[in-house]
Amino acid sequence: MRLSAADLDCHRGGREVFAGIGFHLAAGQALAVTGRNGAGKSSLLRTVAGFIRPAGGRLWLEGGDPELSIAEQAHYLGHQDAVKPSLSVTENLRFWTAFFGADAHKVQDALEWVGLGAIGALPAAYLSAGQRRRLSIARLLAVKRPIWLLDEPASTLDAAGRGKLTDFMQSHLAGGGLILAATHGALGLSSAQELSLDRPAHARTDKTQPAEAAP
Amino acid sequence: MTPLTALLVRDMRIAVRVGGGALIGVLFFVVVVTLTPFAVGPDLALLKRIGPAILWLAALLASLLALDRLFASDHEDGSLDLILTGRAPLELVIAAKGLAHWLTTAVPLILAAPLIGLLLDIEPPAQAGLVLTLLVGTPALTFIGVVGAAIAVTLRRGGLMLAVIVLPLTVPVLIFGVAAANAAVAGPVPFGTPFTVLCALTLASLVIGPFAAAAALRLDIE
């Protein structure tokens, strides 16, 4: 399986966010997307997830299920955790497992793996930000999908949580998965390639600043 | 459990739990209808004449109440993004969410209608007809409403916008719903004519609503 992008452009609100982005990501590889705030890391992930239509360029997947879109074979872990406060921890995870058409038998295991096994019956309203993130991560473990799109996955996690996340990512890669992660810190993966969105943005700023300042 | 059943069950669970809004709709309905005799006065003939219209108006407003949260809550917590990465078609997802909304807000209201009808001097045989019009007509209100909910999803205070978008579109349903209910209560027009049109409006909105809402949602997400 191989996920590729060529000459990808993204426009948001009439402004260019990034242009000419390309990458190749084969099975078992991880790509860390880095860049300053506003460089378009999240937009790139949302473009790959199919939420934003690219303004130009191509995005394709070789070796996946041809019946399914890239988004339908991907897990998207965004800034929001998609946790319903009035449902219990288990109910939350069980819903996503069923909605993604996976078997429910891994729900309890996934909760144990992320360290929420003991509080399955607790309403999710009582979870801390880090625990909500762990519940979100449990979704990736309970439902098997080859592509992981992670937007700042470690932002609210403690040190132990980060360690676990690295382990999960490593075993996902070992199983032939792909990871595309937007990050400020280190991913903790020795094999990760890096895609920096900074340089084209600086070049663009230099070019357009005088024009913007002129009127 | 299939993806769509899972969604239906989840939405119904959320609706009946704390802060869910299922009971708010039926309480609002009861309050509005109960207030009418106080406002209009104890003129039974008048109440009987305007009774069906009051019940229908109250049902319309009550079904709008929880509608603005239908997609907005899923949008705010990121669930909507994940729903889009699911393999269920968005149109069917919307139909399932609409069905969950109808089951949790409109059905309790339909069950309360016969009791409330007594306050407006509507007799039991006529009440059966009135309940039937609500049972057939409220799905149309919900499925016209989902389009407005989908359009207003990214707006703060989308509820007001929603009312402005949706209420004009519900005029035909209101006309034929009240006409059928009036025919059941007072005659002399046969019940069947407006009732058939009401059925047609519901069927049409069941088909058009999910597609229109899905198109609006796809634009909103971008």
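Start in chain A and select A:Gly130, A:Arg134, A:Ile137 and A:Leu141 in H4(A); they meet A:Gly161, A:Leu165 and A:Phe168 in H5(A). Sorted by class, this contact of H4(A) with H5(A) has four nonpolar residues, two polar ones and one charged one. Keep in mind that you're looking at a predicted model.

Now show both helices whole: H4 of chain A covers residues 129-142, and H5 of chain A covers residues 159-174. Their axes lie 12 Å apart and pack at an angle of about 10°. Because angles under 35 degrees count as roughly parallel, H4(A) is roughly parallel to H5(A).

Next stop: chain B, helix H6, residues 90-119. Its 30 residues, at 1.5 Å each, should span 44 Å, and the end C-alpha atoms sit 42 Å apart, so the two agree. Where does H6(B) bend? Click on B:Ala113: the bend there is about 45°, and a proline, B:Pro114, follows within four residues. Just after H6(B), pick B:Asp121, which takes a positive phi of about 60°.

Finally, bring both chains into view. Here, 22 residues of chain B are in contact with 23 residues of chain A. On the chain B side, select helix H1 (3-16) and helix H5 (79-84), the elements that give two or more residues to the side touching chain A. H1(B) supplies the largest share, six residues. Color that side of chain B by class and you'll find nine nonpolar, six polar and seven charged residues.

Notes
Residues are numbered from 1 along each chain as its sequence is written. Chains are lettered from A and ligands numbered from 1 in the order in which they are written. This is a predicted model: local features need pLDDT of at least 70, side-chain atom pairs count only at pLDDT 80 or more; totals for chains, interfaces and linings use all residues. Axes are lines fitted to C-alpha atoms, for helices over the stretch in contact, and angles run from 0 to 180 degrees between N-to-C directions. Angles under 35 degrees count as roughly parallel, over 145 as roughly antiparallel, 65 to 115 as roughly perpendicular and the rest as oblique. Two residues are in contact if their C-beta atoms, placed from the backbone, lie within 7 Å. Ala, Val, Leu, Ile, Met, Phe, Trp, Tyr, Cys and Pro count as nonpolar, Asp, Glu, Lys and Arg as charged, and the others, Gly among them, as polar. The expected span of a helix is 1.5 Å times one less than its number of residues. The bend at a residue is the angle between axes fitted to the seven residues ending there and the seven starting there.
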